[in-house]
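Below is what I looked up, roughly in the order I went.

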Amino acid sequence: MAAPQRDYARLFDLTGRKAVVTGGSRGIGKALAEALAAQGADVAIVVRSTLGLAEELVAGFNAGGGDSFAIQADVSDPADVARLAAEVESRWGRCDILVNNAGIVLPGPAEDFPLDAWRQTMSVNLDGVFLVSQALGRLMIRQKKGSIINIGSMSGRIVNWPFRHAAYNVSKAGLHMLTKCLATEWAEHGIRVNALAPGYIMTELTEEVLREHPDVVENHWAKGAVMNRIGSVDELAGSVVYLASDAASFTTGEIHTVDGGLTLR
């Protein structure tokens, strides 16, 4: 019997799916939320402090009749995460896509780095991903389907230079391994877990560094990539849509690097 013909025109269609994006009100998270919404998904944007920005964003998503909404929560707080998951379940009854994007960078030399700053970095960048994945993963397990996309970093593979931020690098390396562990454990439930590892991307934070240290951006960040530039948030959007969609139905446990070739050398 011939296999049914696949509708490749709708391979990336996310119509009717419910997505949660943490840290989705600006920068990379905003672009990823916009990309998912553009493919038809309803999006819950989770923010700790920029609720107004999130509400403005989802209002735009809903202009055509969608059901996106904003949630204020700290992903490193177990009680907040439990409330977040309860709101998603109450509103939608399901979660099809989770993008763990919330993260922080606290630079400083290792010999003087405060333990509190180390723990804060791990609390948001690693504990937060585990807590949100665990809470919404339970919904996906009941559904027997879901896609989790963790926003890692090339910093989980290399040591960025010349800035010193060992805590950030370690947290992202841990996130990459967590991605592989969850992919292995939850494959039996129909859940795919992957990570997107961006290189240097132009965001509000990068623009600030560019103003204060233009030599670092131009001579280290841009020239470190074989493409001789840093990327834009738009250049990450397609990867997240792919990993969220049925196009990636046989892809799990992968660390998908988008860095202009920086980690090639």
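**Salt bridges.** I took a salt bridge to be a side-chain nitrogen of Lys or Arg within 4 Å of a carboxyl oxygen of Asp or Glu. By this rule I get 9 salt bridges.

**Ground rules.** I'm working on a predicted model, where local features need pLDDT of at least 70, side-chain atom pairs count only at pLDDT 80 or more, and totals for chains, interfaces and linings use all residues. Numbering starts from 1 along each chain as its sequence is written, and side-chain values use heavy atoms, with hydrogens and water left out.

**The whole chain.** I noted 8 helices and 9 strands in the protein chain; these are DSSP runs numbered from the N terminus, helices being H or I with at least four residues and strands E with at least two. How does the radius of gyration agree with that of a compact globule? For 265 residues a compact globule would be near 18 Å, and the protein chain has 18 Å, so the two agree. That radius is taken over C-alpha atoms, and the globule rule is 2.2 Å times the number of residues to the power 0.38. The C-alpha trace spans about 55 × 45 × 40 Å along its principal axes.

I then checked burial (buried is under 20% relative accessible area, exposed over 50%, partly exposed in between, with a 1.4 Å probe and protein chains only). Buried residues make up 50% of the 265. For contacts I used heavy atoms within 4.5 Å. Among contacts with a separation of 6 or more, 73% are between residues 24 or more positions apart.

**Pairs I looked at.** R10 and D13 form a salt bridge, with the closest N and O atoms 2.4 Å apart. D13 is buried at 18% relative accessible area, while R10 counts as partly exposed at 49%.

Next came K18 and D42, whose closest N and O atoms are 2.6 Å apart in another salt bridge. K18 sits in strand 1 (residues 18–22) and D42 in strand 2 (residues 42–47), so this pair ties together parts 24 residues apart in sequence. Both K18 and D42 are buried.

D67 and R91 also meet in a salt bridge, at 2.8 Å from N to O. Here D67 is in the loop between helix 2 (51–61) and strand 3 (69–72), and R91 is in helix 3 (residues 78–92). D67 is partly exposed at 25% relative accessibility, and R91 is partly exposed at 41%. I also found D80, R83 and E87 joined into one network by salt bridges that share partners.

Is L262 buried or exposed? L262 is buried, with a relative accessible area of 10%. L262 comes in the segment after strand 9 (255–258). Leaving out residues up to four places away in sequence, L262 touches several residues, including M154, I158, Y200 and W221.

**Positive phi.** Most residues other than glycine have a negative phi, so I looked for exceptions. K144 has a phi near 65° and lies in the loop between helix 4 (115–143) and strand 5 (146–151). K144 is partly exposed at 47% relative accessibility. N228 has a phi near 60°, in the loop between helix 7 (214–224) and strand 8 (231–232). At 49% relative accessibility, N228 counts as partly exposed.
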